[in-house]
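Subject: Structure handover

Hi,

Here is the structure for you to look at. Please open it next to these notes.

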Amino acid sequence: IKYFVENYSSLKIYPNGMVEYSAVEDTKGLNLFEDSDAKPTLYESLNKAVNFAEKVWDSIMPGASFNVLVTSDLTEDGGSEYRFTLDYYVEGTPVSVNLSDGTKSAVEIVIKNGVMTKYRHLIRSYERTEKTKENLSMVSALDSIFDSFSGKETQTLINNIFLSYVEDGSD
């Protein structure tokens with residue numbers, strides 16, 4: 001791990017491609033609205049967050065497309081903190097992140113009052129191979145989900161089911 005410390009923040013670069021920035025205090029992070037007249041609303045904060053992630057991507061993978069989609073809920077709750085997640089997609093198919101350290105998204109960004117206090121980015125580039133894999137049918141997938149809840153006193157609503165690639169840190 002490469003670990004860089006500044007007065008009010010730290011930057012870690014991991015061998016697995018993770019880049020992580022964190023500020024020690026909410027007011028000591030990177031002010032994304034410093035040179036802007038825009039207010040740190042949900043919409044403007046999301047634009048600034050995605051723009052920042054694109055700049056990180058371009059500095060590491062110049063010329064490569066930054067194929068991500070916003071996967072966090074985008075609801076304005078009147079608060080001053082926004083948490084955004086972005087995930088990669090390949091030819092229209094989403095890539096679900098599931099690393100052993102608990103990482104569930106390719107990019108995680110926290111912005112408080114216009115100041116970015118946390119940034120995690122799993123740097124990945126995907127390409128098509130000639131390998132194929134047969135998927136479960138949707139009925140089999142639903143049966144498997146149902147079986148995982150068997151014997152538990154819970155009620156679950158499935159809103160959406162879709163195919164995705166899974167990024168687990170392996171090849």
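Below is what came out of the analysis.

This is a predicted model, where local features need pLDDT of at least 70, side-chain atom pairs count only at pLDDT 80 or more, and totals for chains, interfaces and linings use all residues. Residues are numbered from 1 along each chain as its sequence is written, and side-chain values use heavy atoms, with hydrogens and water left out.

**Overall fold**

The protein chain has 2 helices and 10 strands. Both kinds of element are DSSP runs numbered from the N terminus: helices are H or I with at least four residues, strands are E with at least two. Their order from the N terminus is β-β-β-β-α-β-β-β-β-β-α-β. The C-alpha atoms fill a box of roughly 50 × 40 × 30 Å along the principal axes. Of the 171 residues, 29% are buried. Buried means under 20% relative accessible area, exposed over 50%, and partly exposed in between (1.4 Å probe, protein chains only).

**Salt bridges**

The whole structure holds 8 salt bridges. The cut-off is a side-chain nitrogen of Lys or Arg within 4 Å of a carboxyl oxygen of Asp or Glu.

- D101 pairs with R120, with the closest N and O atoms 3.7 Å apart. D101 sits in the loop between strand 7 and strand 8 and R120 in strand 9, so the pair ties together parts 19 residues apart in sequence. R120 is buried, at 15% relative accessibility.
- E108 and K118 meet at 3.8 Å, N to O. E108 is in strand 8 and K118 in strand 9, so this bridge links parts 10 residues apart in sequence. E108 is buried at 19%, while K118 is partly exposed at 25%.
- R124 and E167 meet at 3.3 Å, N to O. R124 lies in the loop between strand 9 and helix 2 and E167 in strand 10, so the pair ties together parts 43 residues apart in sequence. Both R124 and E167 are buried.
- D26, E81, R83 and K112 are linked in a network of salt bridges.

**Nonpolar patch**

M138, L142, I145, F149, I158, I161 and L163 make a nonpolar surface patch of about 550 Å². Patch residues have over 30% relative accessible area and no salt bridge; nonpolar side chains (Val, Leu, Ile, Met, Phe, Trp, Tyr) are joined within 5 Å, like charges within 9 Å. Areas come from the Shrake-Rupley method with a 1.4 Å probe; for residues, only the protein chains shown count as cover. L142 belongs to helix 2 (residues 138-148) and is partly exposed at 38%.

Best wishes
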